[in-house]
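Try each task before reading its solution.

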Amino acid sequence: MSDPERIVLGRFNLEHRRIEVYQLAGGSTTSVRLRRIAPEPAVDLGYINRIGSPFSRLHLYRAEWSPALRRVAKEQAAAIWHHAARHETEIDG
């Protein structure tokens with residue numbers, strides 16, 4: 001069985017990291033996943049569920065980020081999600 005298709009919504013920089021925001025085809029439309037694409041190797045960082053609601057939450061797998069970095073990552077990912085929902089286009093921030 002193959003992995004579900006990744007639908008890339010956009011990318012942003014967070015300090016030295018380049019992060020990709022994506023969803024899985026057929027998955028929840030109110031969650032996004034975060035993947036560090038640079039520096040290599042690419043690695044899944046975590047996800048945000050209930051995005052777009054006041055109850056959204058960032059879940060990180062391994063990254064130990066300060067509260068400020070967590071907030072910026074969540075805000076950037078949410079902005080990309082909102083843009084994609086309105087325009088159905090990928091953004092590169």
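Predicted model: local features only at pLDDT ≥ 70, side-chain atom pairs only at ≥ 80, totals over all residues.

**Exercise 1.** Find how many salt bridges the whole structure holds.

Solution. Start with the general idea: side chains of opposite charge can pair when their charged atoms come close. Now search the whole structure. The search gives 5 salt bridges.

**Exercise 2.** Decide whether arginine 11 and glutamate 20 form a salt bridge, and classify each as buried or exposed.

Solution. Step one: take the N to O distance, which is 3.5 Å. Step two: compare it with the cut-off, within 4 Å. The pair is a salt bridge. Step three: look at accessibility. Arginine 11 has a relative accessible area of 19%, so it is buried, because buried means under 20%. Glutamate 20 is at 5%, so it is buried too.

**Exercise 3.** Which residues are linked with Arg11 in a network of salt bridges?

Solution. Follow the links from Arg11. The network joins Arg6, Arg11 and Glu20.

**Exercise 4.** Classify both partners in the salt bridge of glutamate 15 and arginine 17.

Solution. First, the distance: the closest N and O atoms are 3.3 Å apart. Next, glutamate 15. Its relative accessible area is 58%, so glutamate 15 is exposed, because exposed means over 50%. Last, arginine 17. At 12%, arginine 17 counts as buried.

**Exercise 5.** Name the salt-bridge partner of aspartate 44, then classify aspartate 44.

Solution. The partner is arginine 35. Their closest N and O atoms lie 3.1 Å apart. Aspartate 44 has 31% relative accessibility, so it counts as partly exposed.

How values were computed. Residues numbered from 1 in each chain as written. Heavy atoms only, no water. Salt bridge = Lys/Arg side-chain N within 4 Å of Asp/Glu carboxyl O. Buried < 20%, exposed > 50% of the residue type's maximum accessible area, 1.4 Å probe, protein only.
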